[in-house]
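Hi,

Here is the structure I promised to pass on.

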Amino acid sequence: MDGPYTRVLLISANVGSIFEDPDHMLKLWLSEFLKTVQHYEPGLLALHCQEVGGKNYEASMQHVNSFVKSMLGCEELQKYDRVRVFLDEDYTAADKFTALGNLYFIHESIDDVMIWDFVDCKFVPVLGREVLSGNIENVQIKEKAKFPQDFFPDFKWSRKGFIRTRWNIRNCLFDLVNIHLFHDASNIIAMQTSPSIYSNNRKAALLHTLQRFEKDQYDKVPMFIFGDFNFRLDVHQLVSSLTSKTKTHQTKGKKDQIAKIVYSEEGNGKTVLTIETKGFDHHDKHAEVFSKKAKYLRPYDKEMHSYKDKLYEFDISFAPSYPFSEDITDGVSYMKTRCPSWCDRILMSSSAKNIVVNEDKYQPRYDIIGKEICMGDHKPVYLYLHIKRSQGNGLPTLELGAPRRTLTKSLSINGEVVEVDHVEDINIHDFATFEKEQHLLPEFKNSIRQKRYSAPEHREKDKLFQQMGRKPSFQEIAKTVQAVEKVLIRWPRRSRHRHHSSSSEDDLDENISCSEKKKGKVDEGDIDIELGESSTMGDAEKTSIRTTSSEITNTDESNPVTPAKQPYTDAGSRVDPSHTSQGDGSAVTSEKIPLHDQTVSSSVVKTHVHEADECGPIVDSHAPCPTALGSATLLVNKKGSPRNPLPPSSSSSDQRCSCCIIL
């Protein structure tokens, strides 16, 4: 397919707009994107996205699921059998969130592909398709950073930063860096000086990044850095040129600051140019100057000059990539909000230029996607090129002909292999983690709790699926394990009696040695977790999960297991007996119990109903207090001898039911 060289297609796309109107904009964007891929048929397709989830990311992040699945499931990309997707989506981690997305597709014709592990400092083979989403801080095959806030003192918060990956393709090594620099917040401020204050801020951040790469511990390899640099024209000089024969009128707004500047012709008073904080209108000449005379603007594109000794860029022959109209019926007009500029760029280091083939037959092509189609406010920019092979300083390559696992109908999401008949049947966010889940917007939070699988074999074998209609979230499982562990550590060291569960009948193993009990190990048995009504699981969604307590032991020698003479809350505090009912084997409490920094109301709790002929009398008047898990109750079914009344030797201070412990 590639002949002596490897075909590479690099694309930078600020996708913030397409998530504002995903029903229409996303389809248009994908159609034009896939046309470009089909036209060039690259061996390596690298897509760097900025503003993943949209400008209003809290409400629109759920649409990223459709965005990624549309690519994984489309016919045009089925021959790309190895995929790596990095989605930095955790907006609850404000100090780390960049909203960047790196998507890499490897064609089946390309052998010997490896990706760098930045922690273990080695290359690892790229096999199958893998999506890494949500909070990706601990993903080792990428380097990610958010720019320090002091680079941009005028902004309280931002999503700007970079994600770097390193590749070894056919023994040719190179870095691919996705970057997003700061925009011009005000047209009026931007035009005051040359260069503008915003240009200087961008320069500080980009030089900081380049110096970081130069001084880090990793070997230096060729680098392609592409993304939304937010490079702007020198508005100060451009405005002077456009308004050389005009008079000026200024309007001031709050705090006596200039809010609007109008330039009009000296003779007839006709308005030539109007500039506001978020307005840049050249009126009847706007389309002519910015859409049809791009070459006229090139001398004002000066920001790249600051990096000419460090970075290289192929000649630009296309129109400014930003800000295009977001009207889906208009793909050629610019919005009159900012001065049109080449914000989206594909740059490379000098060493990267040396691995790019620049012969007549293999000339690189640098252009925009969707010249006449609405692609949002940013047109994606692409660079199609050929790279040389065997430029990796003799590093070992994958053995030719080695078996490769191809996942054509399955993929791995955050380390979990998911097998489904159709990609549309999954939600990639079901497998994502977030630093502060309670801060997720309700619409997004609800959308990631429906873990539904379409594969029949999964529905038949997965009892959790049968009982819940979905897999429990990671947070639910973690809370369950923590709650059970806390109670089992306090488990009384005394003989247990057999418990017949009200929800199931199990074969109980009665051969438990006394030595095991003396060591503080838990009696083998089953734990029923009954999930009651919970705000995070939908209304009236009540299910139960079963696990085995034999897998959990007390290993903390400093915290010996002692009998609990009074019931415990999850936090280990004593409970007022007045909050529990007496003698009927049930416990009802309206007390709010803290659990893992969350306060959960357990207003209605269901417990085991005792049968007098099996459990014996309940002497203690204090019924155990359930542990809050959402609004769940843990019923522990202990394995041991059949139920009998408490032995006479039991102390009166601990004479509650010995066959049923309610957590």
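Let me start with D284, which sits in the loop between β15 (279-281) and α7 (286-292). Helices (H or I, at least four residues) and strands (E, at least two) are DSSP runs, numbered from the N terminus. Before going on, note that this is a predicted model, where local features need pLDDT of at least 70, side-chain atom pairs count only at pLDDT 80 or more, and totals for chains, interfaces and linings use all residues. Residues are numbered from 1 along each chain as its sequence is written, and side-chain values use heavy atoms, with hydrogens and water left out.

D284 is exposed, with a relative accessible area of 53%; buried means under 20% relative accessible area, exposed over 50%, and partly exposed in between (1.4 Å probe, protein chains only). The side chain of D284 makes a polar contact of 3.0 Å with the side chain of K270. By polar contact I mean a pair of N or O atoms within 3.5 Å; within protein, one must be able to donate a hydrogen and the other to accept it, and residues adjacent in sequence count only if both atoms are side-chain atoms. D284 and L273 are 11 residues apart along the chain, and their C-alpha atoms are separated by 9.4 Å.

T274 is part of strand β14 (residues 271-276). Buried or exposed, T274? T274 is buried, at a relative accessible area of 10%. Its side chain is joined to that of H283 by a polar contact of 2.8 Å. Leaving aside neighbours within four places in sequence, T274 is in contact (heavy atoms within 4.5 Å) with K260, I261, V262, G279, F280, D281 and H283.

Another histidine to look at is H107, in the loop between β4 (101-106) and β5 (113-117). H107 counts as buried at 12% relative accessibility, and a polar contact of 3.0 Å joins its side chain to that of S109.

For the chain as a whole, there are 15 helices and 27 strands. Of its 663 residues, 54% are buried. Among contacts with a separation of 6 or more, 71% are between residues 24 or more positions apart. Helix α3 (residues 64-73) is largely enclosed by the rest of the structure, because 7 of its 10 residues are buried. Those are V64, N65, F67, V68, K69, M71 and L72.

Now the aromatics. Rings of Phe, Tyr and Trp (its six-membered ring) pair if their centres lie within 6.5 Å; planes under 30 degrees apart count as stacked, over 60 as edge-to-face and the rest as tilted. That rule gives 25 aromatic pairs. One of them is W116 with F123, edge-to-face at 4.9 Å centre to centre and 70° between the planes. W116 is buried at 12%, and F123 is buried at 16%. F318 and Y366 have ring centres 5.2 Å apart and planes at 90°, so this pair is edge-to-face. F318 lies in the loop between β16 (311-312) and β17 (344-349) and Y366 in strand β18 (residues 365-368), so the pair ties together parts that are 48 residues apart in sequence. Both F318 and Y366 are buried. Ring pairs also link Y57, Y91, F97, F434 and F444 into a cluster.

A cis peptide bond, with omega about 0°, joins S194 and P195, and P195 is in the loop between α4 (187-190) and α5 (197-215). Y322 and P323 are likewise joined by a cis peptide bond, omega about 0°, with P323 in the loop between β16 and β17. E41 is not a glycine, yet has a positive phi of about 45°; E41 lies in the loop between α1 (22-40) and β2 (44-50).

Last, the second largest pocket. A pocket is an open set of points on a 1 Å grid over the protein atoms alone, where a 1.4 Å probe fits, with protein on both sides within 12 Å along at least five of seven lines; lining residues have an atom within 4 Å of a point. This one is lined by 22 residues, with E51, K55, H183, Y322 and R338 nearest its centre.

Cheers
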